Amino acid sequence: MTTTLAIFQLLILLIIFNFCKVINAKLYSDQFVVQIAGGSHVAKKIAKDHGFTYLGEMHDNYYHLQHRSITKRSIEKSLTHHELLLNDSRVKKCSQQIIKKRVKRDLLTHTIDLNDPKWPEMWYLNRGKGLDMNVEAAWAAGATGKGVVVTILDDGLEKDHPDLIHNYDPAASYDINDKDFDPHPRYDVVNTNRHGTRCAGEVAASANNSLCSVGIAFDAHVGGIRMLDGEVTDAVEARSLSHNFQHIDIYSASWGPDDNGKTVDGPSEHALYAFKEGVEKGRNGLGSIFIWASGNGGREWDNCNCDGYTNSIWTLSISSATENGLVPWYSEACSSSLATTYSSGSTGERQVISTDLHHGCTSGHTGTSASAPLAAGICALALDANPNLTWRDMQHIVVRTAKPENLFARDWATNGVGRNVSHSFGYGMMDAYAMVKLARIWTSVPEQKICEMKGLNINQLILPRNHATATLIVNCGNVKYLEHVQAKLTISATKRGDLHIYLTSPMGTKSTLLAQRPPDSSRSGFDNWPFMTVHMWGESPNGVWKLEIFNDGRYGGRAMLKEWNLVLYGTSENPDDLIFKKDKNSHIRHHNGGLLEQEHHAHESRRSYDRDPYVRVPNVVTFLNKETVMNDHLSLSGADKNQDSMLENLEHNHAIHSVINQVILLISFFVITLINCVHFSN
């Protein structure tokens, strides 16, 4: 009995030893790093000769290869393939890559150590789980707005507020209303001029000072232009928009024409000139960045395409989402909104926290007025990561990184290059960390090109309860990848609010240029009004465009399409080719939350940043323990798929080890049974 028990214990030890050996063994991938003299053409030839896939050059004659016949995870080296490579005189050295275990460092909610008393209540910055703007991760990556200057165009700035004074920048400030250099707001009984101070706190309230809140870009400089507490003229706007434009990086504006559902208005001559000069000459030629609130006229059926500020190609128009990801009651849906940040919603939904007048603090900042400064703060983080971004670079980065997830609207659609877009939310919620990551690897987009064509099918009478259609065949040689699209329309109407207008691109993207506005009973129509859409971003402009104008008027309410022009802004080169500068034969593209291997097609842009196979994503400081595995060297996932015939031995090594383990388990079971039989026989 003692001998039998000893044998049994020995077998158990052997089983445990074998199990531990398997668990602790190195895991080898199907990829190799090979040192080859002679350049990439020689490496590609060697790969082809021995059935490998060439993944790219790493550095100094080291190349990344993959063999699809090797199991992706094996506890043994593939000696056969080592010998295959080392027996080739052109190969100096090779090593099969070991798979390393890495721990994901996902951010926890409320893990950033801040002593600002309102920080725990700032839900739009710190609730995690994809339900905030991912600002904590951007901070952990080192982006805090340092060196960036933001100015608030508004009703003044309480520059001595204890949560703002540390970051206050007098060079970014001016009082146009009182014509001096002190932007301090005028106090009254009802705190009429609190708006600018609240907006400034969202951007650059100091962190860790035991006061009120924390700004998104808490190391940025912030100034204020006092220009709304008085008569606003074209000159006032122009001076505000151009103030010290070599020093100021970002202008944030949370105002515009009346959001009453019946106004069509925008910048006049000098303000337009200021916008144009800003993007062309501001920031030493990189271009001033103008952030604009899309408007609060939702309850009045207003449409921000009737606002010439948010409707401009030079502004980054920002909409709002409620705490629950819903379209707010005040939101104006339009095709010119590029992206979204959080703000207030209905009763029961929380609002935005910021600095307030009289050195105070508020938990009640609301509307798109609160959304635009949040966007300005996020853009400041991106500029901290890369100060060389142009005004168009910033818009490209926003388009590529905005997140549609957790935002609920009925009109989400996918444009011709696979981007999700909505009239209520643009391309989605701004993601600070994603913008910072992309900014750090960004190469400036190609030069902006313009293609303008005169529309056909003009002077069309549009009777009540009827519509007109105009088509235009476009063949632009200089614009191949779209950014902004303008349809400049001249339309007469008995009642302007009865009109709704749609533009469909050659790739099938239908954009609402104007929805009905019942309060608008004006007979003025539209006079060369530039309706703008960003929904075709990245598409090819060439082909048939369709313009549709519907007249829902009654009792003789007629309209007429008198004239229309199509203005197409974009590039002749694919921006992604310059941004990523990688192998044009394949790329990894993010689509609806998954990774797809796709070939590179003309007119198709990658939506995001971290699919680049040679860029490591910065780590985050605070983390959860979620495990993952990564190859020793990053590699392209879009490997050559023509070697599928070699996959018959793909799991050969794994299968052998599985059989061995099963045999050992069977032996163990047999020994235990035998011992039991001996025990009962005794």
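Biologist: In this predicted model, which handedness does the crossing of α6 and α9 have?

Modeller: The crossing of α6 and α9 is right-handed. In general, a pair of packed helices is described by two quantities, the angle between the axes and the distance between them. Here helix α6 (residues 195-204) and helix α9 (residues 367-385) meet at an angle of about 35°, and their axes lie 8 Å apart.

Biologist: Which residues make the contact between α6 and α9?

Modeller: From α6 come His195, Cys199, Glu202 and Val203. Helix α9 contributes Ser369, Ala370, Pro373, Leu374, Ala376 and Gly377. By class, six residues in this contact are nonpolar, three are polar and one is charged.

Biologist: Where does UniProt place the feature "active site"?

Modeller: The UniProt record, an unreviewed entry, places the feature at Asp154, His195 and Ser369. These residues span 216 positions in sequence, yet no two of their C-alpha atoms are more than 10.4 Å apart, so they gather at one spot. His195 lies in helix α6, while Ser369 belongs to helix α9. For this pair, the separation is 174 residues in sequence and 8.2 Å in space, C-alpha to C-alpha.

Biologist: Beyond its neighbours within four places in sequence, with which residues is His195 in contact?

Modeller: With those neighbours set aside, His195 is in contact with Asp154, Asp155, Ser254, His365 and Ser369. Its side chain also makes a polar contact with the side chain of Asp154, at 2.7 Å.

Biologist: Let us turn to the sheets. In what order do the seven strands of the open sheet stand?

Modeller: Strands of a sheet pair through backbone hydrogen bonds, in either a parallel or an antiparallel sense. In this case the order is β6-β7-β5-β8-β9-β10-β11, and the pairing is parallel. The edges are formed by β6 (174-175) and β11 (339-342); each has a single partner strand, so one side of each has no neighbour in the sheet. Two bridges join β6 to strand β7 (residues 221-226), and Asp175 has Arg226 of β7 as its bridge partner. Helix α8 (residues 269-281) packs on this sheet and touches β9 (289-293) and β10 (315-321). The direction of α8 makes about 135° with that of β9.

Biologist: What is the order in the open sheet of four strands, and is its pairing parallel or antiparallel?

Modeller: The order is β18-β23-β20-β21, and the pairing is antiparallel. Here β18 (466-474) and β21 (510-514) are the edge strands; each has a single partner, so one side of each is left without a neighbour in the sheet. On average, neighbouring strands of this sheet are turned by 20° against each other, direction ignored.

Biologist: Over how many bridges do β20 and β23 pair?

Modeller: Strand β20 (residues 499-504) and strand β23 (residues 543-551) pair over six bridges, in the antiparallel sense. Opposite Leu503 stands Leu547 in β23.

How values were computed
Residues are numbered from 1 along each chain as its sequence is written. This is a predicted model: local features need pLDDT of at least 70, side-chain atom pairs count only at pLDDT 80 or more; totals for chains, interfaces and linings use all residues. Side-chain values use heavy atoms; hydrogens and water are left out. Axes are lines fitted to C-alpha atoms, for helices over the stretch in contact, and angles run from 0 to 180 degrees between N-to-C directions. A crossing is left-handed if the near helix is turned anticlockwise from the far one by less than a right angle, and right-handed if clockwise. Contact means heavy atoms within 4.5 Å. Ala, Val, Leu, Ile, Met, Phe, Trp, Tyr, Cys and Pro count as nonpolar, Asp, Glu, Lys and Arg as charged, and the others, Gly among them, as polar. Two strands pair if DSSP finds at least two bridges between them. UniProt positions are given in the numbering used here, feature names are shortened, and annotations may be inferred rather than shown by experiment. A polar contact is a pair of N or O atoms within 3.5 Å; within protein, one must be able to donate a hydrogen and the other to accept it, and residues adjacent in sequence count only if both atoms are side-chain atoms.
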